[in-house]
Amino acid sequence: MSDATKTATLTIDGQDYELPIYSPTAGPDVLDIRKLYAQAGVFTYDPGFTSTASTDSTITFIDGGKGELLHRGYPIDQLAAKSHYLEVCYLLLYGELPSAAQLEDFESRVTNHTMLHEQMMNFFRGFRRDAHPMAIMVGVVGAMSAFYHDSTDPSDPWQREVASIRLIAKMPTIAAMAYKYHIGQPFVYPRNDLDYASNFLRMCFSVPAEDYEVDPILARAMDRIFTLHADHEQNASTSTVRLASSSGANPFACIAAGIACLWGPAHGGANQACLEMLREIGTVDRIPEFIARAKDKEDPFRLMGFGHRVYKNFDPRATVMKESADEVLDLLGVENNPTLQVAKELEKAALADPYFAEKKLFPNVDFYSGIILEAMGFPTSMFTPIFALSRTVGWISQWKEQLSDPALKIGRPRQLYMGETSRDYMDIENR
Ligand code: SDX
């Protein structure tokens, strides 16, 4: 981490405390408060971490004001247009774009780890058929620590590497199996002659009764969706993975914790919630009613797919996703998709409304992704599993970065206690 460039003076009860300030390569300066409690006997208070940096990192940077997202310095729109998911995985994991030989080796290692331990199939059969695929993914990924004992020790760099490849390689297989189990169809094994996105589509949509050809344009759209969801700084699920890992938990347990956190509708579950909202709106003429509800402080309803903790401009991923939605729906001949029409009119109406403009609420990555996924044939319950599949490389990259920090300590926040002070036990006859 950089050396302190200047200091801030904090005065409490007439006593001055000097706090070092670090200047990043991009983004706001940070105040180092690590010694504050020892020196001043006070905590800082920031329940939603709105002003708190939990770590230093070199992986991803977001400029919320400009609507910019960089992975190791490369803008997401360039990566979405010119790269592909496994190359972005390499970039996130190792810090640089690979040479042709490096990429070939990496893709070969991932391709040759896509199968699951055969005994894990029994796991799926323990779930009810109507289990949400995210519930299955949390369970199966957590259970990987019971099957892959030779890659559970986070202190061993080789085991970290093996666990990374296994997780990136097997997530599409697990997500596809969760889907097949959910709809009562037989599992489809991965194939080594298909690229990552094509393999996933085939594992989801092929059936033994007939041949299945992957549409290359759908595969490209699927790969682009994977790329757009790969990593996103210290979001809630990534912070969950980091916190779990700070205790020394094994990689599969940490990623299972990340999946569980991503499931929430305020986070990765928003893509499912957004499509369900668009369906509930149903027609363009009902948009004003829902806009009014989103603005009503008495109504807990929020426009799903809108707003972001960091972006106070367009989420650059939403911009790419919107272009992809037009392309995919045209290809599928559903360009008059009523849900897409409602989404486009809703976006226009919200962005024209002072409430959303003042609060800088713009469409985020989840606003258009569900429309594409639905058009591709996925049920809404598969939207967040696809987000989890894509984000696995981000969680893994951040997990590896944290473990490479020699100063790593267990994460243990303090609190502002407002409860009862010490009092004696009262016997029941006296209460
Ligand atoms: C993801 O962190 C990441 O990077 C996440 C993510 C990633 O890639 O990992 O980008 C993925 O999670 C995208 C976000 C998906 N979630 C949604 O689309 C759900 C709807 N959005 C909101 O719930 C909300 O915008 C959040 C959770 C995304 C952000 O919430 P914040 O930063 O805590 O903001 P807030 O709740 O304090 O809202 C600020 C104001 C509030 O009004 P006031 O109290 O100031 O009057 O804006 C309002 C909110 O009521 N507001 C909304 C709104 N989002 C915020 N009002 C209506 N509709 C919305 N969607």
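The paragraphs that follow take the annotated positions and then the cavities.

This is a predicted model, in which local features need pLDDT of at least 70 and side-chain atom pairs count only at pLDDT 80 or more, while totals for chains, interfaces and linings use all residues. Residues are numbered from 1 along each chain as its sequence is written, and side-chain values use heavy atoms, with hydrogens and water left out.

The unreviewed UniProt entry marks H308 and D366 as "active site"; such annotations may be inferred rather than shown by experiment. The two are spread over 59 residues of sequence, yet they cluster in space, with a largest C-alpha distance of 10.5 Å.

H308 sits in the loop between α13 (287–295) and α14 (316–331). Helices here are DSSP runs of H or I with at least four residues, numbered from the N terminus. H308 counts as partly exposed because its relative accessibility is 23%, and that class lies between buried (under 20% relative accessible area) and exposed (over 50%), using a 1.4 Å probe and protein chains only. Leaving aside residues up to four places away in sequence, H308 touches H232, R317 and N364, where contact means heavy atoms within 4.5 Å. The side chain of H308 also reaches the backbone nitrogen of V310 at 2.9 Å.

D366 belongs to helix α17. With a relative accessible area of 5%, D366 is buried. Again not counting residues up to four places away in sequence, D366 touches H267, G268, A270, N271, C274, G305 and F387.

Over the whole structure, a search finds two cavities of 30 Å³ or more. A cavity is a set of points, on a 1 Å grid over the protein atoms alone, where a 1.4 Å probe fits but cannot get out; lining residues have an atom within 4 Å of a point. Grid points are joined across faces, edges and corners, and the volume is the space filled by probe spheres set on the points.

The largest cavity has a volume of about 40 Å³. Its lining consists of L116, M121, T173, M177, F187, V188, Y189 and P190.

The second largest cavity, at about 30 Å³, is lined by I225, H229, N271, S369, L373, F383, I386, F387 and S390. Among these lining residues are N271 and F387, both of which D366 touches. Helices α17 (365–376) and α18 (383–403) each supply at least two residues of this lining, and α18 gives the most, with four.

Methods
1 Å grid on protein atoms, 1.4 Å probe; cavity = no way out; pocket = protein on both sides within 12 Å on 5 of 7 lines; lining within 4 Å. Polar contact = N/O pair within 3.5 Å; in protein donor to acceptor, adjacent residues only side chain to side chain.
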